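Here's a quick tour of a chain, written to be read with the model open next to you.

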Amino acid sequence: MKYYLLLFVLTIYACKESKKEAEDVSSLPYFNSTDFTPEWEKGTHKIPEFSFVNQDGHTITNKTYEGKIYVADFFFTTCPGICPKLTKNMNGLQETYANDNDIMLLSHTVMPWVDTIEKLKTFEIENNINNKKWNLVTGHKDELYNIARHGYFADEDFIKTKDENEFIHTENFILVDKEGYIRGVYNGTLEIDIERLKRHINILRKEA
């Protein structure tokens, strides 16, 4: 009994210390490579130029997100696995930052041969997505997969196999700052990581 009580006390202490450590973070690193090694000097890797089409048929480019902090992810509308959880947590971010025009969301389909503009529009309606805050984009498969792998470093399997034919499926949310640098990566299915993401967004908002 004493052992379990001690274990409980230590667990509570560890949680408090972890929370304190998180709250003490005052700046975020830059991520310039696929291994997500944090670097504290100014970033060398920016999200490359892109041009996709959203659920309203509008062209979405880097200019759309210029001067904005945004969270990016990769999904497909017919996914029965992790995507509903990713969508739910993106919806939570949409709600949290509903009145903050500096925070945006960007979801790329990894099945553009299925996810047409019409399909994305239906998905928007079914999931209460605000098209002023959150773009769902489709386009050419090669361009979508290229930016996932080489822009956002979002395809863990490709990092290992280098197989261009592999299907992309990732639970990662990627945090991008106002200048287009990657500043964080999070498991979009985990509430604890979503809370960490929110703390990091607050840090970025204070950057000059």
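## Starting at E191

E191 is partly exposed, at a relative accessible area of 39% (buried is under 20%, exposed is over 50%, and partly exposed is in between, using a 1.4 Å probe and protein chains only). Its side chain meets that of K88 in a salt bridge, 3.8 Å from N to O; the term means a side-chain nitrogen of Lys or Arg within 4 Å of a carboxyl oxygen of Asp or Glu. The two partners come from distant parts of the chain, with E191 in helix 6 and K88 in helix 2, 103 residues apart. (Helices are DSSP runs of H or I with at least four residues, strands are runs of E with at least two, and both are numbered from the N terminus.)

A word on ground rules: this is a predicted model, so local features need pLDDT of at least 70 and side-chain atom pairs count only at pLDDT 80 or more, while totals for chains, interfaces and linings use all residues. Residues are numbered from 1 along each chain as its sequence is written, and side-chain values use heavy atoms, with hydrogens and water left out.

## Helix 6, end to end

Helix 6 covers residues 191-205, and its 15 residues should span 21 Å at 1.5 Å a residue; the end C-alpha atoms are 21 Å apart, so the model agrees. (The expected span is 1.5 Å times one less than the number of residues.)

Which residues of helix 6 are buried? They are D193, I194, L197, H200, I201, I203 and L204. Looking down the axis of helix 6, you'll find these buried residues within an arc of 165 degrees, so they line one face of the helix; the arc is taken from the directions from the helix axis to the C-beta atoms. That buried set packs against strand 5 (69-75), helix 2 (83-96), strand 6 (103-109), strand 8 (172-176) and strand 9 (182-187), where contact means heavy atoms within 4.5 Å.

Strand 8 also holds L175, which is buried at a relative accessible area of 0%. L175 and K198 sit 23 residues apart in sequence, and their C-alpha atoms are 10.0 Å apart in space.

## More charged pairs

Side chains of opposite charge can pair when their charged atoms come close. R205 does this with D100: they form a salt bridge whose closest N and O atoms are 2.8 Å apart. Here too the pair links distant parts of the chain, with R205 in helix 6 and D100 in the loop between helix 2 and strand 6, 105 residues apart. R205 counts as partly exposed at 41% relative accessibility, whereas D100 is buried at 13%.

D193 counts as buried at 15% relative accessibility, and R196 is partly exposed at 27%. Elsewhere, D56, K121 and E124 are linked in a network of salt bridges. The count by this rule comes to 12 salt bridges.

## Two positive phi angles

N128 has a positive phi of about 55 degrees although it is not a glycine. You'll find N128 in the loop between helix 3 (117-126) and strand 7 (134-138), and it is exposed, at 63% relative accessible area.

F153 also has a positive phi of about 55 degrees without being a glycine. It sits in the loop between helix 4 (141-151) and helix 5 (156-161). Is F153 buried or exposed? At 6% relative accessibility, F153 counts as buried.

## The whole chain, and where to be careful

Zooming out, the chain has six helices and nine strands, and buried residues make up 44% of its 208 residues. Of the contacts with a separation of 6 or more, 70% are between residues 24 or more positions apart. The chain exposes about 11,500 Å², with carbon and sulfur atoms supplying 54% of it (Shrake-Rupley method, 1.4 Å probe).

As for confidence, the mean pLDDT is 86, and 82% of the residues reach 70 or more; pLDDT is the predictor's confidence in each residue, from 0 to 100. Over residues 1-23 pLDDT stays under 50, and the model has one contact beyond four places in sequence for them. Residues 158-165 are also below 50, but this stretch has nine contacts in the model beyond near neighbours in sequence. Where pLDDT is low, the predicted coordinates should not be read in detail.
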